[in-house]
Amino acid sequence: MNTILIIGAGGVGSVAAHKCAQLPEIFQQIHLASRTLSKCHLVATSIRRRTGREISTFCLDADNLAEAIALLHKLSPDVLLNLALPYQNLTLMEACLATGTNYLDTANYEHPEIARFEYKSQWLYHERFREKNICALLGSGFDPGVTNVFTSFGAKHYFDEINELDIIDVNGGENHEPFSTNFNPEINIREVSAACRHWEGDQFVESPAFSTHRSFSCPEGIGDFEIYRMYHEELESLTVAYPSLRRAQFWMSFSPSYLQHLKVLTNVGMTDIHPVDYHGKPIVPLQFLKSILPDPGSLGESTTGKTCIGCVLRGKKGTQPRSIYIYNICSHEKAFRENGSQAVSYTTGIPAMIGAKLILQKKWFEAGVWNMEHFDPDPFMEDLDSFGLSWSIEESDPFLGRAAQ
Ligand code: NDP
């Protein structure tokens, strides 16, 4: 009997738990643990109402290694899905090593006091996971996650060599909030405000945040959006996996209103990650800001429109140059009808479920610590289609004819 433990009862954890509950033949026993037990209860109630299944719930502080190990010993899951925050990654990887549990997450480790996004600290666990004969799958969300698999699928089936990669993440949704984020506000604001880095030649080149932008026409009538180049963690692993890449960039759409709000909040110090003294008590401004911004998990009902996330790959097949664009379009309203979430949680929770499914089925199992592109993309792409995230491929380059500013 397969048993899983999901940690984190936020937007992504909720979707993953719902999707796992829809597959009783794969996920026979589902446990959900999070810091706030009442949030686990809300997810469990929704799953009961939608699927008739029972999941068990636990209160856990995943920063506490002894507590995490005790829960793993008690439940003996086959795989732990870490859908809490990136701060917990190393503690939960240690807990998996101590108990011989397979591990999966959707975002790379971050130190709470340093906004540095890198896999290196998790890659250091590779030998220990190998020795324990357990598998860690890193970044099994949409971006990172599906974008890594789109890249490896393109490289496998369409190219002899890939030379350029552009990952484009457009959220064409609207939720009528003056300012909100698509996922955990603290993690989201740390990520988008960081200096931009992109791969050029054989190294990362740094530039100021939001300094390079261009317009992008999404397919299927989704519309035209201004996209901004920024650093994103899958660039780190993909440039290692595909050394033929001469340029790799990540782009995300932002509305003028979002950028204006972010600029003001940054200027007044509200996005700072270092503690300040407030009436004799240290508080982190960004954590305070998070506490008053809308909870992204609660925005499902009010969000309309679609996300469009995909990869443009350019390279060679034989002697011929070739370009393809692989993308998924996801409707916020459809995601809400199915799971009560908006599309960003939905597009992250489903790949987390698929990653866990492939580990359990041993289709994606190898002892060690791996990013998504390490494994055969075909079963993952089949599952994306089957479980709500269908994808399309155009043999074209959507960037042609437009110059970056
Ligand atoms: P939320 O803030 O909605 O949820 C996070 C959950 O984790 C909350 O329930 C929170 O509990 C819980 N949590 C936080 N700290 C702890 C702790 N120490 N112990 C136990 N539980 C804890 O975030 P999201 O669901 O939006 O995002 C979840 C993860 O997914 C993040 O790491 C995010 O970066 C990642 N992500 C990845 C994407 C991708 O495409 N790869 C896209 C979107 C998100 P509490 O309610 O008490 O705060």
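In soluble globular proteins, nonpolar side chains tend to be buried together.

The surroundings of Ala 136 can be listed residue by residue. Apart from neighbours within four places in sequence, Ala 136 is in contact with Met 93, Tyr 103, Tyr 125, Phe 129, Val 369 and Trp 370.

An open sheet is formed by 7 strands with parallel pairing, in the order 3-2-1-4-5-6-17. Its edges are strand 3 (56–59) and strand 17 (368–371), each of which pairs on one side only. On average, neighbouring strands of the sheet are turned by 20° against each other, direction ignored.

Strand 1 (residues 3–7) and strand 4 (residues 79–82) run parallel and are joined by 4 bridges.

## Helix 4

Helix 4 (residues 89–99) has as its buried residues Asn 89, Thr 91, Leu 92, Met 93, Ala 95 and Cys 96. An α-helix has 3.6 residues a turn, so residues three or four places apart point the same way.

One of the buried residues of helix 4, Met 93, is in contact with Ala 136. After helix 4 comes Gly 100, which has a positive phi, near 65°.

## Overall fold

The protein chain contains 14 helices and 18 strands. Its radius of gyration is 20 Å, close to the 22 Å that the globule rule gives for 405 residues, so the chain is as compact as a globular protein of that length. Along the principal axes, the C-alpha atoms fill a box of roughly 55 × 55 × 40 Å.

Of the 405 residues, 49% count as buried. Among contacts between residues at least 6 apart in sequence, 72% join residues at least 24 apart.

## Model confidence

The protein chain has a mean pLDDT of 95, with 99% of its residues at 70 or more. Over residues 401–405 the pLDDT is below 50, and this stretch has 7 contacts in the model beyond near neighbours in sequence. Where pLDDT is low, the predicted coordinates should not be read in detail.

Key
Residues numbered from 1 in each chain as written. Predicted model: local features only at pLDDT ≥ 70, side-chain atom pairs only at ≥ 80, totals over all residues. Helix = DSSP H or I, 4+ residues; strand = E, 2+ residues; numbered from the N terminus. Rg over C-alpha atoms; globule rule 2.2 N^0.38 Å. Buried ≥ 20, exposed ≤ 12 C-beta atoms within 10 Å, placed from the backbone. Contact = placed C-beta atoms within 7 Å. pLDDT = per-residue confidence, 0-100. Pairing = 2+ DSSP bridges. Axes fitted to C-alpha atoms, helices over the stretch in contact; angles between N-to-C directions.
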